[in-house]
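The sequence and the coordinates come before the description.

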Amino acid sequence: MAKRRTGNGAAAGVVHRAIAHDSAEKHVSGAALYVDDVPEPPGTLFAAFGLSARPHARLTSVDLAPVRAAPGVVAVMAAADIPGKNDCAPVFADDPIFADGVVEHVGQCIFAVAAATVEQARRAARLARIEYEDLPALLTVEDALAANSLLEPPQVMKRGDAARAIARAKHRRAGRFGIGGQEHFYLEGQAAFAIPGEGRDMLVLSSTQNPTEIQHVCAAALGIPDAAVTAECRRMGGAFGGKETQGAFFAAVAALLAWKTGRPVKVRADRDDDMEMTGKRHDFVVGYEAGFDDAGRIQGVEFMLASRCGRSADLSLAINDRAMMHCDNAYYLPNVSVASYRCKTHTVSNTAFRGFGGPQGMMAIEYVLDEIARALGKDPLDVRRANLYGGRGRDVTPYHMRVDDNAAPALMAELATSADYRRRRAEIADFNAKSPILKRGLALTPVKFGISFTTTHLNQAGALVHLYTDGSVHLNHGGTEMGQGLFTKVAQVVADEFGASLDRVQITATNTGKVPNTTPTAASAGSDMNGMAARNAARTIKARLLPVAAAELGCAPGAVVFAGNRVRGGRRSMTLAALAKKAFLARVSLSAAGYYRTPKIHFDRARWRGRPFYYFAYGAAASEIVLDTLTGEHRLLRVDILHDVGQSLNPAIDLGQIEGGFVQGAGWLTSEELVWDAKGRLATHAPSTYKIPAASDCPADFRVSIWRKGRNREAAIHRSKAVGEPPLMLAISVFHAIKDAAASAAGRAVRLDAPATPERVLLALEDAAAAADAPKREAAE
Amino acid sequence: MIEVELAVNGERETVSVDATQTLLDVLRTKLGLTGTKIGCNQGVCGSCTVLIDGKPARSCLVLAAGCRGRAITTIEGVGTADAPSPVQQAFIEAGAVQCGYCTPGMVLAAEALLRKTKRPSVPEIREALSGNLCRCSGYTKIVDAVKLASERAAP
């Protein structure tokens, strides 16, 4: 049974309160509209795609005549039919909407068809006659490293002299391991609906984290000004980073076909297509060498991080940068060198996924600390705590940012006590000594995650707030709702400013016509930035209302208070509606745009120095598992989490993010395995073969608490902290608990790649047994 | 095309369907009942769950033409935003809703469980919901919601 403490959420008012998601009533009754649910105007067409069957090939012949002739088909488009730019890339112009002459991954789109029904479109798309001339394909990180196929020269982050420190250290440990990728598996697949207006106007409803990019990509593809395209998103059925850039292709196809036919066109990817066509979390190969003292303190560490980026850059550069910036996690690394290889391969272009490289970086250091503990025969928790940031001279990250909000030591100490770590560690040792087949494992790991986009210019947001003369408030901002509760949180902030109840604030769909030039809802920064922008807009309106209220109430403007849907001053009060009406009659504007840019941040990528993050979010988790050493399967027995969200804007929503993030992370590191075959085809392109956690996989005993001492040192919105991504990395404790149980079974450290599938665990145990036998065999010979 | 009379949420409607058309497709495109979601369209994720004669079924795997004379309940037949059923109310109160896309199917799976078992244990709830995938919540609050609904119904 789950037990939860919501920490500091007791304050009066509308912020810091556990309020249900704004769409909860609509969700439970099926009334919430997603892109595919929007009623279709008469004449709406449906799209399907023609996809590459080869990982790398020249297109020698593309015969679409049979597609055009198929029943119900109204239009077919390929690269040559695009009136504007054939590109849907977010940063570099390297993602053609339709392949032009060459294909670079299986599942790359070659053409699209619009037909009267979904089925007609799909049947028609299969009729294309495509001939290929195969070219050499690089499919894996190892392939790419051997061919030196990189998106950019390796990035290197250095502080001190790692090689020398390792050479001088009393103990050394080196190794290499792999970390798998992850499919987003948002329940709502990629979808877009383009509706042509008069003239060249185009409205694009898109399931996207980035409406502004949808607008720009569609406008460029059509060769029309940005101002002619409006992109809108009311909500997404999950995104997790998978709709930060990946929605652009689907929106562009919808817009192109709508332009070509003059009719509304809906695009909804079939699940198998979605999984083949869209990018995933990057898989990594990690090489490491560490030098350390008797206490397990790292003297020097070198990392080699190589990731599979796929056929284009997408966001891979920033993702790998973030991986480098999280190779320290919560630990001080006095001498460190991190070399990062961004491998270009002939596979789908990998993309943002909750944590954005951070999880892979954190896995690297946590793996090393676990190895150090096993080399020294120490409890991994002791080694982790010995390496934490803290103390004089031990508070600067490898990229020269001071850690001045270090919550990890206190969080870990508190969690070790509340989770009864020491007693359970002893109990597990006893259990394992008596249990030959089932072995239990335990691990407690911290999370320190940097909050802000590392690409500094993305740290800006806009909002639009109207106050109507009946006292109701229209709220719009550049952030998008994907289930994380952003709209609810920002509405709480605005209601709080106006002293209004939440039902007076109308939440509206993100729309590029209302708030322009926005950045993606990503990097966990949605509430921080849009909350501030919306508050600024509300404050602008309030500042205009103050003189009106003061005159009406006969008090000084400074004495006016907004509370309880009323405005008070001295002994008198009036409703917010009455004040809005008075202000209108006095010709005062009741509408304002708000803007916010995150302060204090800067980063010099050429020197790998700066302050890329406004602050850090922290957490810690202790996971206990039981491993069946005959099958390699494990069960999560108990998980304790203590997580820092500052002063939570909404503890109910934050708990949902923490629990959901943890389980998603556990899936990444245990059951979710992406398999490509030797021809570059994804073998796991459906939930029948790609296994995300189900209700029955969750911890039997799940104890999640928001840290009561949490408070943001920086002036973030209501002193809260971002919560979207950080909890995913709490699940690194699950991987290390499995590794702990496996080590207990093997009687020595095991080398284990992620995800720790039953197959991998069994192989790791076999390898360890073989290694243990080797000296005996030699002696016998 | 086949003429078939469907009994959906207590109302009889005659629709003409293709022999290969799924119940999911007919509900969404012919009857405008878009609360039933398309998740994987291959019977694994549970987003398209409806009740057929009171039992949960994946409407993406059911042919509409085979539903003649069967009582079909979709999420729209369980309750409304203004008048939610006790299970729906429990989902709201427990905070069991994030992106919402799995929610209709999850609610129907829960309805079916509670019709069969008045006071299910937590492991029974987890088992009953294990065919309905949620990518957001980690399931904790969903399980809490079903427990809450069962406690209220059978105190």
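Chain A of this predicted model is divided into domain 1 (57-135 + 190-268) and domain 2 (460-597), with bounds that come from an automatic or database domain assignment. Residues are numbered from 1 along each chain as its sequence is written, and chains are lettered from A and ligands numbered from 1 in the order in which they are written. Local features need pLDDT of at least 70, side-chain atom pairs count only at pLDDT 80 or more, and totals for chains, interfaces and linings use all residues, while side-chain values use heavy atoms, with hydrogens and water left out.

## Domains of chain A and chain B

In chain A, the centres of domain 1 and domain 2, taken over C-alpha atoms, are separated by 38 Å. Contact (heavy atoms within 4.5 Å) involves 18 residues of domain 1 of chain A and 18 residues of domain 2 of chain A. The buried area, that is, the accessible area (1.4 Å probe) that two parts lose on being put together, summed over both, is about 1,400 Å² between these two domains, and carbon and sulfur atoms give 50% of it. Gln209(A), Thr212(A) and Arg234(A) supply 36% of the area that domain 1 of chain A buries against domain 2 of chain A, more than any other three residues. A salt bridge is a side-chain nitrogen of Lys or Arg within 4 Å of a carboxyl oxygen of Asp or Glu; between these domains of chain A the rule finds 0 salt bridges.

For chain B, the assignment gives domain 1 (2-77) and domain 2 (86-153). Their C-alpha centres lie 21 Å apart, and the contact takes 17 residues from domain 1 of chain B and 12 residues from domain 2 of chain B. These two domains of chain B bury about 1,200 Å² between them, 62% of it from carbon and sulfur atoms. The count of salt bridges between domain 1 of chain B and domain 2 of chain B is 0.

## Interface of the chains

Between the chains, 45 residues of chain B and 57 residues of chain A take part in the contact. The area buried between chain B and chain A is about 3,900 Å², with 58% of it on carbon and sulfur atoms. On the side of chain B, Tyr101(B), Arg126(B) and Arg135(B) supply 21% of the area buried against chain A, more than any other three residues. The rule finds 4 salt bridges across this interface. Lys37(B) forms a salt bridge with Asp37(A), in which the closest N and O atoms are 2.5 Å apart.

## Cavities and pockets

The search uses a 1 Å grid over the protein atoms alone: a cavity is a set of points where a 1.4 Å probe fits but cannot get out, a pocket is an open set with protein on both sides within 12 Å along at least five of seven lines, and lining residues have an atom within 4 Å of a point. Grid points are joined across faces, edges and corners, and a volume is the space filled by probe spheres set on the points. The whole structure holds 11 cavities of 30 Å³ or more.

In the table, Ala, Val, Leu, Ile, Met, Phe, Trp, Tyr, Cys and Pro count as nonpolar, Asp, Glu, Lys and Arg as charged, and the others, Gly among them, as polar.

| Space | Volume | Lining by class |
|---|---|---|
| Largest cavity | about 460 Å³ | 14 nonpolar, 13 polar, 6 charged |
| Second largest cavity | about 300 Å³ | 11 nonpolar, 9 polar, 3 charged |
| Largest pocket | about 1,600 Å³ | 21 nonpolar, 10 polar, 17 charged |
| Second largest pocket | about 870 Å³ | 19 nonpolar, 12 polar, 9 charged |

Domain 1 and domain 2 of chain A both give residues to the lining of the largest cavity, so this cavity lies between them. The second largest pocket likewise lies between domain 1 and domain 2 of chain A, because both give residues to its lining. Of the 40 residues that line the second largest pocket, Pro90(A), Val91(A), Leu315(A), His457(A) and Leu458(A) are the closest to its centre.

The second largest cavity is lined by 23 residues, and those nearest its centre are Cys88(A), Asp95(A), Gln246(A), Phe249(A) and Met277(A). The largest pocket has 48 lining residues, with Thr117(A), Val118(A), Glu119(A), Arg122(A) and Arg268(A) closest to its centre.
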